[in-house]
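This briefing is intended to be read beside the sequence and the three-dimensional structure. Please keep both in view while working through the points below.

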Amino acid sequence: MKEIKGTAISPGTALGRLYIHRRNERVSGSEKTREPEAELQAFDSAVLKAGEDFRDLVSETGSRGDRLAAELLGSYLTMLSDEEFRSEVKERIYGSRLSAREAVSSVSERFAERLEGLEDEYLRSRSDDVRNVASHVMDILSEKYPGSVLSGLCAEGDGPYLLLAEELLPTELMRAGKGTVAGLVTRKGTAVSH
């Protein structure tokens, strides 16, 4: 049996089947395009789809009485409509001829790094929210978008699960069914992360 040591964020003990969550690989390198109009159109469509997904989650979490999750998702909807973000993505697509995925990755990382440079720990941790929203848009742009891998845990019925992951995005966890996840172990995250 392998023992893993870490910092507990919540008190208690959890038992369940181990589920190792591996996220799809992110963009690495420069994905170039010869068709910037098509890439911008794909970006706009992905943002619309991400907005639909987040609104659906707001509805689901609201019906469960999870006000904090609904507020978080509301902030994600605001991020999706940020004109500065859209303008910079468009500039990277047209100016640097990057694919929509590469442009979203590049711009979101710059925004996240800007937040990480702040002194306030809470504001620094919001860089995770920027990456979460961007990750969702990039997943949709990858054309391999299945919703969430974790949503399948609800159907398996073998839970509860202990999730082991590099990191878990709030929207990924929200798609897992209530009572499905007994505990989380992540390598990344802080005490003020969602």
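The structure is a predicted model, in which local features need pLDDT of at least 70, side-chain atom pairs count only at pLDDT 80 or more, and totals for chains, interfaces and linings use all residues. Residues are numbered from 1 along each chain as its sequence is written, and side-chain values use heavy atoms, with hydrogens and water left out. The protein chain contains eight helices and three strands; helices (H or I, at least four residues) and strands (E, at least two) are DSSP runs, numbered from the N terminus.

**Overall organisation**

- Read from the N terminus, the order of elements in the protein chain is β-α-α-α-α-α-α-α-β-α-β.
- The protein chain has 194 residues, of which 36% count as buried; buried means under 20% relative accessible area, exposed over 50%, and partly exposed in between (1.4 Å probe, protein chains only).
- Among contacts in the protein chain with a separation of 6 or more, 66% are accounted for by residues 24 or more positions apart; a contact means heavy atoms within 4.5 Å.

**Nonpolar cores**

- The largest nonpolar core has 28 residues, and those with the most contacts inside it are Phe-43, Val-89, Val-104 and Val-137.
- At least two residues of this core come from each of helix H1 (36-63), helix H2 (67-80), helix H3 (83-95), helix H4 (100-116) and helix H6 (127-141).
- A second, separate core has five residues, including Tyr-161, Leu-163, Ala-165 and Leu-168.
- A nonpolar core is a set of buried Ala, Val, Leu, Ile, Met, Phe, Trp, Tyr and Cys residues joined through side-chain atoms within 4.5 Å.
- Leaving aside residues up to four places away in sequence, Val-89 touches Phe-43, Ala-103, Val-104 and Val-107.

**Helix H4**

- H4 has 17 residues and reaches 24 Å from its first C-alpha to its last, close to the 24 Å expected at 1.5 Å a residue; the expected span is 1.5 Å times one less than the number of residues.
- The buried residues of H4 include Val-104, Val-107 and Phe-111, and also the charged residues Arg-101 and Glu-102.
- The packing partners of the buried residues of H4 are H1, H3 and H6.

**Salt bridges**

- The structure holds eight salt bridges, each defined as a side-chain nitrogen of Lys or Arg within 4 Å of a carboxyl oxygen of Asp or Glu.
- Asp-53 and Lys-49 meet through their side chains in a salt bridge (2.7 Å, N to O); because they are four residues apart in helix H1, about one helical turn separates them.
- Within this pair, Asp-53 is buried at 3% relative accessibility, whereas Lys-49 is partly exposed at 30%.
- Glu-84 and Arg-114 form a salt bridge with their closest N and O atoms 3.7 Å apart, and this pair links distant parts of the chain, with Glu-84 in helix H3 and Arg-114 in helix H4, 30 residues apart.
- Glu-84 is partly exposed at 40% relative accessibility, and Arg-114 is partly exposed at 42%.
- Arg-126 and Asp-129 form a salt bridge in which the closest N and O atoms are 2.7 Å apart; Arg-126 is buried at 11% relative accessibility, and Asp-129 is buried at 3%.
- A network of salt bridges links Glu-109, Glu-116 and Arg-131.

**Surface and local features**

- Leu-118, Tyr-122 and Leu-123 form a nonpolar patch on the surface, with about 270 Å² of accessible area together.
- Patches are made of residues with over 30% relative accessible area and no salt bridge, with like charges joined within 9 Å and nonpolar side chains (Val, Leu, Ile, Met, Phe, Trp, Tyr) within 5 Å.
- Leu-118 lies in the loop between H4 and helix H5 (121-125) and is partly exposed at 36% relative accessibility.
- Arg-97, in the loop between H3 and H4, has a positive phi of about 60 degrees although it is not a glycine.
- Most residues other than glycine have a negative phi.
- Gly-74 lies in helix H2, and its C-alpha atom is separated by 9.8 Å from that of Leu-57, 17 residues apart along the chain.

Definitions and conventions:
Accessible areas come from the Shrake-Rupley method with a 1.4 Å probe; for residues, only the protein chains shown count as cover.
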